Amino acid sequence: MLFGRKNRKPISIPSKKVEEWKYTTCNYCSTGCAIEIGLNEDKKIVTTRGHAGADVNRGKLCIKGLLEHELFESPGRGTQPLIRDKHYEEFKPTTWDNALDTTAAKFKAIQEKYGRDSVAIVSTGQLLTEEFYTLGKLARGCIGTNNYDGNTTLCMASAVSGYKRSFGSDGPPGCYDDFEHTHCFMAFGSNLPEQHPIIYWRLKEALEKRKFPLIVVDPRVTMLAQFADIHLPITPGTDCVLINSMMHVIINEGLQDKAYIDAHTQGYDELQKLVQDYAPEVAQHQCGIDEDTIRTVARIYAKAPAAMSIWTMGINQSTHGSDGVANINNLNLITGNIGKPGGTSLSITGQCNAMGTREWSSCSGLPGYRYLENPDDRQEIADFWGIDPEFFPKKRGLAETDIFPAIETGEIKALWIVATNPMTSMANTGRIRKALENLEFLVVQDVYEDVEMNQYAHMYFPASVWAEKQGCHTNTERRVNLIDNVLPPYADSKPDFWIFNQMSKRFDNGQKIKFPDEPEEAFNEMKALSKGTNAYGNERTLDISGMSYEKIIKARGIQWPYSEEDAEACIEKGEPRLYTDGQFQTKSGKANLICVDFYDNNEKPCKDYPFWLNSGRVVEHFHTRTRTGKIGNCNKFSPTPYMEMNPDAAAELGIEHQTYVRLTNKRGDAVVLVQLTQRVPRNMVFIPFHFHDCVNRLTLGLLDPYSRQPAFKQCSVRIEHVDQAEAARLNAERRAY
Ligand code: SF4
């Protein structure tokens, strides 16, 4: 038998009798793959394929994208609004008018009694950008609560915070094309093959064409680490120590880019002084990477003509998340690796439209990266929407992770949850359940009526899914792409855009602010707001003024900034990189080098709880499985929660492969199936986070002081034996769900 790529036979795919292909974009992860949905002659959806002409995925899709068309008629879809007085009573069907009237009346009554901020709204990273913009108008302009946030606080808040601190604005400066130009690729806490398979494929393709060092920093031997030239199995939560030590080597050996530092940064002297405390021979004892390896990696990175860093949740989900991002930016700034091909600081985003909410939802401020704290920004948006600027708060309210404690204390009485599932996704879910019982009114807006959050809801709004709606996403590399209506909404579900519009009519300011009927009109409002200069007089990077739905489809996605002048000059695809001129969005125009000192506040393994508990993703599932849990083949390949455990540690405890164990700590317990593997060190276990009533019963979730993002990956557990028959029964029940 002959092996090798050239001898592979093409796979033959059975004909699905597709009559028409419709263009859209994947609605799972932030890679932003362009998709075509195949309809047969009866206009029934029969298949999905990657768009061959799209720059992002060039015809490829991962398992989730390939099966995405099965979502439209998946079990558990909400068919009509539901209402009940108490969360333990049976739901009753109701009309949309009654559902919206009742919700608006409840919100107003609660606000009148307890104050405007007693109503909170928590949304997601999975709506369309026009929907985010409209929800922002409703939340900030009509309902007027300051306790409004998105679940992006659980995944991307540290990246946003770190970018703002370093560069004066959010917005990843690099792109996937940087893989083609880089001479050194360093990944922090990012397992691309499982989390972002198509980005990984782009990296692999670049590596096949031109070899460059792949360095992976991760406490676990992830799939990406297995392909690395150098794997740094770092002690959890100590990335700042490693980076400070790398900068110590770079600066002390004169490998920094002095010209770039002088021209484009500020704060170098303080940084240089700080990193003197992080000599590799000292740092190795904190971060667990030996001194020679630290020196080697620092030299490779600094000497590369262009070097880039990527990161995902291994950095963000930490009490040092924002600092970790700022420090990765420091590393790239002092080596002159920002804004040049192959030299960048690229946060790989999680959710499909986490970028869209960052840009336009007004969760952390006002639309288009404007700040509530800035009077000019408040005035500009108030004028644009036609309301009094005094209606806006003067600083940001609570983040999602602070909203639940405020429900516990009674400060927040009503909650509107949009397309997110904190009962599974938040740390310490036992505490979340208890908090939810305190609410006077909970509205859950979701595609699925069997989503766990609905157990506590008083009102359920059935939302339409994915390509039953129209609007844009922005992906990790700032590429705006379109989702188009392929099907009408399922049963009596409604697009989120429609739900927000209808709700606005029930508030006083909803009569003053225009809420357009069509998503493209909302897109045109965003375009108008994206032009011009920011508070410091710098040109706005988030400029989408040259885009239109037609142009986006034609180019199969356009990266911002893309101005009217770009459109007039017939540029098709936008700007691949930010800060190419070294001009940042700060007052001085220079990037901030930020001193990041390490303080050790993690919960760590101890005598009673001797294992680190780490969590992450598997390729088959997305988030809390509200969607992929309904797709047959995703479940078939990943049916059950499991725990990776080192065989030596297991032998010591008398635990065998594929038996059940119970994990316990101060917060709760979880029963999981053991998978013995050398991927985890002896003092660590790893569990995928997708499954309900599992790993987040145990996580502590200490918060990052800047981003309020929880540390999901740094806590400790004990492992106990369980009755195997009982555990198998529990597991079967969970799978049946
Ligand atoms: Fe969708 Fe992400 Fe898979 Fe692409 S890589 S098909 S965007 S889930």
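## Exercises: rings and charges in a predicted model

The charged end of Arg 49 lies over the ring of Trp 21, at 3.8 Å from the ring centre. Keep in mind that this is a predicted model. Let's work through some contacts together.

**Exercise 1.** Find which ring the charged end of Lys 413 sits over.

**Exercise 2.** Classify the aromatic pair of Tyr 133 and Trp 360, then say where each residue lies and whether each is buried or exposed.

*Solution.* 
- Step 1: A search of the whole structure gives 21 aromatic pairs.
- Step 2: In the pair of Tyr 133 and Trp 360, the ring centres are 6.4 Å apart and the planes stand at 85°, so the pair is edge-to-face. The cut-off you need here is over 60 degrees.
- Step 3: Tyr 133 belongs to helix H3 and Trp 360 to helix H15, so the pair links distant parts of the chain, 227 residues apart.
- Step 4: Tyr 133 and Trp 360 are both buried.

**Exercise 3.** Explain what the salt bridge of Lys 573 and Asp 55 ties together, and find the network around it.

*Solution.* 
- Step 1: Among the 45 salt bridges of the structure, one joins the side chains of Lys 573 and Asp 55, at 3.1 Å from N to O.
- Step 2: Lys 573 is in the loop between helix H24 and strand S20, and Asp 55 in the loop between strand S3 and helix H1, so the pair ties together parts that are 518 residues apart in sequence.
- Step 3: Lys 573 has 25% relative accessibility and counts as partly exposed; Asp 55, at 26%, is also partly exposed.
- Step 4: Salt bridges with shared partners join Asp 55, Glu 477, Arg 479 and Lys 573 into one network.

**Exercise 4.** Decide whether Arg 667 and Glu 603 are buried or exposed.

*Solution.* 
- Step 1: The side chains of Arg 667 and Glu 603 meet in a salt bridge of 2.8 Å, N to O.
- Step 2: The two loops that hold Arg 667 and Glu 603 are tied together by this pair, across 64 residues in sequence.
- Step 3: Arg 667 and Glu 603 are both buried.

Methods. Residues are numbered from 1 along each chain as its sequence is written. This is a predicted model: local features need pLDDT of at least 70, side-chain atom pairs count only at pLDDT 80 or more; totals for chains, interfaces and linings use all residues. Side-chain values use heavy atoms; hydrogens and water are left out. Rings of Phe, Tyr and Trp (its six-membered ring) pair if their centres lie within 6.5 Å; planes under 30 degrees apart count as stacked, over 60 as edge-to-face and the rest as tilted. Helices (H or I, at least four residues) and strands (E, at least two) are DSSP runs, numbered from the N terminus. Buried means under 20% relative accessible area, exposed over 50%, partly exposed in between (1.4 Å probe, protein chains only). A charge sits over a ring if NZ of Lys or CZ of Arg is within 6 Å of the ring centre and within 35 degrees of the ring normal. A salt bridge is a side-chain nitrogen of Lys or Arg within 4 Å of a carboxyl oxygen of Asp or Glu.
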